[in-house]
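The report that follows describes a structure, section by section. Please keep the sequence and the coordinates at hand while reading.

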Amino acid sequence: MASVHIQNARKTFGDSTVLHDVSVDMDDGSFVVLVGPSGCGKSTLLRMIAGLETISGGDISIGGKSVNRLAPKDRDIAMVFQSYALYPQMTVAQNMGFSLELIGAKKPEIATKVEHAAKILGLEPLLSRYPRQLSGGQRQRVAMGRAIVRDPKVFLFDEPLSNLDAKLRVQMRAEIKALQKRLGTTTIYVTHDQIEAMTMADKIVVMRDGKVEQIGAPLDLYDRPANTFVASFIGSPSMNFIEGVVANDGKTFFAGAEKLGIPIPLCPAQAVGKAVLLGVRPEHIVIDREAGVPAEVWVVEPTGAETHLVVSLGGAQVTCVLKERISLQEGQTVPLAFDASLCHFFDPQTTLRLV
Amino acid sequence: MTTMFSTAFRPLGSDRIDPFLVVLWIALIAIALIWVAPIIFIVFTSLKTNADVMGTGAFTPPPELFTQNYPDAWQRGNFATRFANSVIITLVKVPVGLMLSAMAAYALARITLKGKKLLLLLVLFGTMIPFQVMLAPLFTLVNSMGLLNTRLGLFLPYIAFGVPYQVFVLHGFFKEVPHELSEAALMDGASHFTIFRRIFLPISLPILAALLILDFVSTWNEFAMALVLLLDSKMWTLPLSLMVFQGEFGSEYGPLNAAIVTTVLPAVIVYLIFQRYFVGGLTSGAVKG
Ligand SMILES: Nc1ncnc2c1ncn2[C@@H]1O[C@H](COP(=O)(O)OP(=O)(O)O)[C@@H](O)[C@H]1O
Ligand SMILES: [Mg+2]
């Protein structure tokens with residue numbers, strides 16, 4: 001087991017820079033998720049940690065030792081690929097034992113370790129099958145087994161669940177997390193799915209266009225997003241952003257072109273009297289028949305557990321997730337209120353959070 | 001038979017006869033007949049006495065089996081020596097050539113290398129030159145190396161002319177092997193050689209088998225280069241000995257055709273052994289991850 005430190009890592013392919021000075025510290029035994037939209041450089045960063053891509057600049061160290069000049073096999077890490085990359089002509093047991101065989105382990109030792117890993121993953125009945133005889137979920141497990149057998153310092157996962165159906169994905173998500181807690185091995189996990197990131201991570205690294213946008217625990221990112229990108233990326237449905245101006249008394253927000261006054265008693269000092277972006281999560285909007293401001297209903301989407309509303313608030317489009325079942329028609333108005341302590345303020349120019 | 005007809009001419013799941021399928025079958029049978037006719041002629045003739053060859057039709061089965069043509073041909077054609085020559089050349093050249101091709105194809109497909117494209121182009125260029133054009137320069141070259149009438153002198157040009165096509169085919173296949181497969185092996189601690197031997201060779205077995213059959217047959221039957229490079233008849237391979245039959249025993253078709261059957265038989269056996277393997281490999285979905 002080991003901690004992983006990434007210092008100003010850069011990656012260029014020819015003329016294009018894919019990663020710009022990425023720095024992340026990952027504690028020993030932690031579960032770190034790299035998340036971001038497709039093409040932001042998550043896989044590239046993971047592959048640099050693995051040694052499958054060269055490091056154009058900066059430093060990556062594992063267990064306090066720089067690995068910039070180490071071959072993948074000398075880094076003591078194991079990787080699970082998106083396509084699983086199982087060796088097609090080897091059985092499950094051979095797939096799992098391959099790395100041990102290559103370091104010259106004895107047959108009985110390999111068998112013991114493979115069986116142990118198979119037991120953890122429930123693969124015992126499948127050990128003599130070939131990859132083509134397995135379902136997607138089983139292949140996924142074999143790929144994990146191949147990593148576990150080696151007992152490496154670090155596990156790397158690159159979107160391991162994206163080829164599975166939705167139900168299996170939820171199940172494997174929980175299994176991978178439980179397994180990681182049980183083994184205690186430092187894990188770096190790449191996904192574009194913020195739900196996966198939120199549910200699995202000890203620490204999330206949000207990336208965009210080859211830069212780190214924010215690093216933090218899942219709920220920190222949810223509660224205090226550093227900028228509008230993180231704010232809209234984390235959480236589903238996405239956070240609403242309403243353009244407007246904070247009144248000089250710091251207690252009212254005038255929303256949108258219509259300058260609809262919304263009482264928010266706790267506006268931050270930097271925002272007073274300025275044009276800001278008000279961020280409100282859909283689940284933090286409630287119906288308040290006494291103090292609510294009227295909003296025109298555009299769309300009503302009952303999901304069973306919740307009711308999703310799309311409304312116009314002073315001309316701005318706002319999504320709300322209401323816990324209660326309510327019968328509303330398009331075109332009606334509904335009185336909405338925001339909890340002031342759950343509102344976020346962003347600078348419209350820099351998109352940064354105003355504390 | 002009825003079940004064969006009930007499915008052969010109809011699209012799957014339909015009970016109407018598709019005329020196109022009927023045409024396909026007729027074409028298939030016609031082509032098969034064209035190919036099989038000379039073989040039947042050769043086998044029948046090899047089992048006839050000289051009188052029967054003259055007295056009966058080409059496609060008439062031998063009135064009585066006359067097997068003496070075979071020992072005759074063996075002796076007169078000096079097959080003991082020439083068979084051995086052919087076996088040695090083929091058994092060394094085919095596996096060595098195929099391994100060289102596979103290694104070159106792997107390097108071109110997987111190892112980062114400056115000027116790789118140019119190298120590949122050079123190899124592909126080799127597939128485009130008809131070897132007949134090269135016969136005269138080849139003779140000069142082999143002669144200047146002092147290798148005329150030697151096995152090595154034939155072996156080297158055989159390798160040179162066999163490798164480009166195999167590299168072309170194998171490179172095309174290796175290139176399509178998912179990169180993640182090599183990378184997984186790399187992470188598991190495999191060297192390039194291990195990846196080549198343990199991952200690439202096993203998953204390309206069907207293609208290797210196909211190339212092996214093709215190369216075996218073309219090496220075993222090769223005539224022109226052997227004729228130019230082997231002047232001493234002691235070093236001759238089997239196809240060259242057939243030439244002699246035609247000169248010496250022009251009217252004796254029995255021994256000639258027995259010699260042809262003897263020459264072709266090993267290639268057929270090799271084909272039968274490996275084609276099973278190659279068809280089996282393709283249908284078992286070995287390449288799918
Ligand atoms: N081998 C390569 N050569 C050139 N560009 C590459 C290469 N690999 C990745 N890229 C580029 O780097 C960027 C990040 O890719 P990647 O790390 O795969 O993104 P993702 O976050 O979706 O995993 C993309 O714009 C991609 O086009
Ligand atoms: Mg990716």
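## Basis of the description

The model is a predicted one.

## Chain A as a whole

Chain A has 355 residues, of which 53% count as buried, and its secondary structure comes to eight helices and 20 strands. Taken along the principal axes, the C-alpha atoms of chain A fill a box of roughly 75 × 45 × 35 Å.

## The surroundings of ligand 1

The shell around ligand 1 consists of Phe13(A), Val18(A), Ser38(A), Gly39(A), Cys40(A), Gly41(A), Lys42(A), Ser43(A) and Thr44(A). Sorted by class, this shell has three nonpolar, five polar and one charged residues. The element that gives the most to the shell is helix H1 of chain A, residues 42-50, which supplies three residues.

Several contacts to oxygen atoms of the ligand can be described at the level of atoms. A backbone N or O atom of Gly41(A) lies 3.0 Å from an oxygen atom of ligand 1, and a polar backbone atom of Lys42(A) is likewise 3.0 Å from an oxygen atom of the ligand. In the case of Thr44(A), the side chain is involved, with an N or O atom 2.5 Å from an oxygen atom of ligand 1. On its own, ligand 1 has 560 Å² of accessible area, and the protein covers 55% of that area.

## Salt bridges within and between chains

Side chains of opposite charge can pair when their charged atoms come close. Over all chains, the structure holds 13 salt bridges. One of them joins the side chains of Glu53(A) and Lys11(A), at 3.9 Å from N to O. Because Glu53(A) lies in the loop between H1 and strand S4 (57-62) of chain A while Lys11(A) belongs to strand S1 (residues 4-13) of chain A, this pair ties together parts that are 42 residues apart in sequence. Lys11(A) counts as buried, with a relative accessibility of 3%.

Another salt bridge is formed by the side chains of Arg198(B) and Glu101(A), at 2.7 Å from N to O. Arg198(B) is placed in helix H10 (residues 192-203) of chain B and Glu101(A) in helix H2 (residues 92-102) of chain A, so the pair joins two chains. Glu101(A) counts as partly exposed, at 36% relative accessibility. Within chain A, the side chains of Lys113(A) and Glu109(A) meet in a salt bridge of 3.4 Å, N to O; these residues are separated by about one helical turn because they are four residues apart in helix H3 (residues 107-121) of chain A. Lys113(A) counts as partly exposed at 36% relative accessibility, as does Glu109(A) at 35%. Salt bridges that share partners also join Lys11(A), Arg47(A), Glu53(A) and Glu183(B) into one network.

## Backbone geometry in chain A

Most residues other than glycine have a negative phi, and most peptide bonds are trans. Asp21(A), which is not a glycine, has a positive phi of about 40 degrees; Asp21(A) is found in strand S2 (residues 16-26) of chain A and counts as partly exposed, at 46% relative accessibility. Tyr84(A), also not a glycine, has a positive phi of about 75 degrees. Tyr84(A) lies in the loop between strand S6 (77-80) and H2 of chain A, and at 6% relative accessibility Tyr84(A) counts as buried.

The peptide bond from Ser236(A) to Pro237(A) is cis, with omega near -5 degrees, and Pro237(A) is placed in the loop between helix H8 (228-233) and S11 of chain A.

Ser86(B) belongs to helix H5 (residues 79-110) of chain B and counts as buried, at 2% relative accessibility. A polar atom of the side chain of Ser86(B) lies 3.0 Å from the backbone nitrogen of Leu238(B).

On the surface, Val264(B), Leu265(B), Val268(B), Ile269(B), Tyr271(B), Leu272(B) and Ile273(B) form a nonpolar patch, with about 600 Å² of accessible area together. Ile269(B), one of the residues of this patch, is located in helix H14 (residues 253-283) of chain B and is partly exposed, with a relative accessible area of 45%.

Key:
Residues are numbered from 1 along each chain as its sequence is written. Chains are lettered from A and ligands numbered from 1 in the order in which they are written. This is a predicted model: local features need pLDDT of at least 70, side-chain atom pairs count only at pLDDT 80 or more; totals for chains, interfaces and linings use all residues. Side-chain values use heavy atoms; hydrogens and water are left out. Patches are made of residues with over 30% relative accessible area and no salt bridge: like charges are joined within 9 Å, nonpolar side chains (Val, Leu, Ile, Met, Phe, Trp, Tyr) within 5 Å. Accessible areas come from the Shrake-Rupley method with a 1.4 Å probe; for residues, only the protein chains shown count as cover. A salt bridge is a side-chain nitrogen of Lys or Arg within 4 Å of a carboxyl oxygen of Asp or Glu. Buried means under 20% relative accessible area, exposed over 50%, partly exposed in between (1.4 Å probe, protein chains only). A residue is near a molecule or strand if one of its heavy atoms lies within 4 Å of it. A polar contact is a pair of N or O atoms within 3.5 Å; within protein, one must be able to donate a hydrogen and the other to accept it, and residues adjacent in sequence count only if both atoms are side-chain atoms. Ala, Val, Leu, Ile, Met, Phe, Trp, Tyr, Cys and Pro count as nonpolar, Asp, Glu, Lys and Arg as charged, and the others, Gly among them, as polar.
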